[in-house]
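Colleague: I have not looked at this structure before. Could you take me through it step by step?

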Amino acid sequence: NDKSLLEVVMSGPLEGFKILELTSTVSGPFAGMMLADQGAEVIKVEPPGIGDLARFMGATKLGTGAMFTVLNRNKKSICLDLKNSDDLSILKELIKKTDILLENYRPGIVAKLGIDYDSVTELNPEIIYCSISGYGQTGPYKERKVYDPLIQATTGTAAAQNPENPEMFRTIVFDKVTALTTAQALTTALLQKERTGKGQYLPISMMESALYYSWPDMMMNQTFLEGGDSIGELADYFCAYKTKDGFITIILIPTDAVFDAFCEYFKIKLHEDERFIDAASRVKNRIELKTEVNKTTEKFTTDELIAVMDEHGIPASVVNQLEDIHKDPQVIEQGSLVEVEHPIAGKMRMPKPPFSFRNQDKFPKTQATVLGADTREVLEELEIDQSHIERLEEREKQNRELLAEFDVNKSYNLKK
């Protein structure tokens, strides 16, 4: 009831919760990032040597990966070799004091290491234990190495782009969808634990996350099992049109009033053409419609068209190129992107979280650190013997010397 408590600056609503993250690449780190952004203390455990391979994937600068840096902000990094009995004992001490354990090893690996859910609950009966996998903990695909495009293929999204010539999204969408699903499930599990005092095991697969995410619209024509009317695919209602200096997306196909307004303003008679007389006809003849609309839109600049569309209430947006997103006036007004100074890579740009909680501390609190940078701090809190800490620090010193010669292209062997 003390109102002054409401004014205390916090790292976020999850402050006070400890999460042990034994994950790599994208799905697990993204989920951990969200929880860290919301205030949880996230301790990322990486193997000695190169650590999480994502440190060296994609765009890099001075040995720092752009993707890794974004996904692992606001976390602490410690380095443990889980095949080493001493290191495994340290992990188990951490487990005793954690609220959530998050892992994305391939099914069966944690059991071999002796840190599967049943083993962990002997150390911490109330723990919430989450296992992210590609296809699930059981079934004929459980042993497969998983990459996002394989999930796109299995769940139909590649075929949905083009049934005759399937295409992949140009982003690892289901790694990230799985992360969002995981983070939401874990906060809900924390709420349930607060009410019941009990933890639980949460196996979450990329395949099921993809189906859950894609189904409402992508699979609407496969949802009714006993008939029903089909309106075609929603994706067929939308496209981008050429302009003098780029592209614009205009939502012309679904609504007669909008299509009529567009045609009347530009004094074209497409709305009187039988091929485009209603939404069903426009979908059926969408390729021809795009060609006809392009004849008009490519006479104007994108800004000129946007001004007209806004004035007449026609839904439209500029198609931003990747290098121009940060210049978009709405992005600027919202402060959606922030520029931060990374201690190694220098100035970086990244999105702030799309949520901001009352009295939450600055963003980001910390940058992604070098491998094992927080080992001493974390282990001293556990009162681990100094000799063990010094052994780990010496190993990391030797690892850093080896990393100078590391070639990610020879080690690209992602594990889920």
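Predicted model: local features only at pLDDT ≥ 70, side-chain atom pairs only at ≥ 80, totals over all residues.

Colleague: How many helices and strands does the protein chain have?

Modeller: The protein chain contains 16 helices and 13 strands. Its C-alpha trace spans about 80 × 60 × 50 Å along the principal axes. Of its 416 residues, 42% count as buried.

Colleague: What share of the contacts join residues at least 24 apart?

Modeller: Taking contacts in the protein chain between residues at least 6 apart in sequence, 69% join residues at least 24 apart.

Colleague: What pLDDT does the chain average?

Modeller: The average is a pLDDT of 92, and 95% of the residues score at least 70.

Colleague: Where does pLDDT stay under 50?

Modeller: That applies over residues 412-416, for which the model has 21 contacts beyond four places in sequence.

Colleague: Let us turn to helix H16. Which of its residues are buried?

Modeller: They are Ile389, Leu392, Arg395, Glu396 and Asn399. These residues cover an arc of only 125° around the axis, so they sit on the same side of H16. As a general point, an α-helix has 3.6 residues a turn, so residues three or four places apart point the same way.

Colleague: And how many residues does H16 have?

Modeller: H16 runs over residues 386-403 and has 18 residues. From its first C-alpha to its last it reaches 26 Å, close to the 26 Å expected at 1.5 Å a residue.

Colleague: What covers the buried residues of H16?

Modeller: The covering elements include strand E5 (75-79), helix H3 (85-96) and helix H15 (375-381).

Colleague: Since E5 has come up, how many of its residues are buried?

Modeller: Five of the five residues of E5 are buried, and the strand is mostly covered. Lys75, Ser77 and Cys79 point one way from E5, while Lys76 and Ile78 point the other way.

Colleague: Which strand does E5 pair with in the parallel sense?

Modeller: Strand E2 (residues 41-46) pairs with E5 in that sense, over five bridges. In E5, Lys75 is the bridge partner of Val42.

Colleague: What about Asn74: is it buried or exposed?

Modeller: Asn74 is buried, with a relative accessible area of 8%. It lies in the loop between helix H2 (66-71) and E5. Its phi is positive, about 60°, although Asn74 is not a glycine. Most residues other than glycine have a negative phi.

Colleague: Which other residue has a positive phi of about 55°?

Modeller: That is Lys267, which is not a glycine either. Lys267 is found in the loop between helix H10 (256-265) and helix H11 (279-284). Lys267 is exposed, with a relative accessible area of 73%.

Colleague: Where is the cis peptide bond?

Modeller: It joins Phe363 and Pro364, with omega of about -15°. Pro364 has its place in the loop between strand E13 (346-351) and H15. In general, most peptide bonds are trans.

Colleague: Changing topic, in what order do the three strands of the open sheet come?

Modeller: The order is E9-E10-E11, and the pairing is antiparallel. Strand E9 (240-242) and strand E11 (316-318) are the edge strands, each pairing on one side only. The twist averages 30° from one strand to the next.

Colleague: Over how many bridges do E9 and E10 pair?

Modeller: E9 and strand E10 (residues 247-250) pair over three bridges in the antiparallel sense. Thr249 in E10 is the bridge partner of Ala240.

Colleague: How many residues of helix H1 are buried?

Modeller: H1 (residues 27-37) is mostly covered, with 11 of its 11 residues buried. Among them are Phe30, Met33, Met34 and Leu35, along with Asp37. H1 is followed by Gly39, whose phi is positive, near 110°.

Colleague: Which residues is Asn124 in contact with, leaving aside its neighbours within four places in sequence?

Modeller: Asn124 is in contact with Ile95, Lys96 and Thr98.

Notes. Residues numbered from 1 in each chain as written. Heavy atoms only, no water. Helix = DSSP H or I, 4+ residues; strand = E, 2+ residues; numbered from the N terminus. Expected span 1.5 Å × (residues − 1). Buried < 20%, exposed > 50% of the residue type's maximum accessible area, 1.4 Å probe, protein only. Arc of directions from axis to C-beta. Contact = heavy atoms within 4.5 Å. pLDDT = per-residue confidence, 0-100. Pairing = 2+ DSSP bridges. Axes fitted to C-alpha atoms, helices over the stretch in contact; angles between N-to-C directions.
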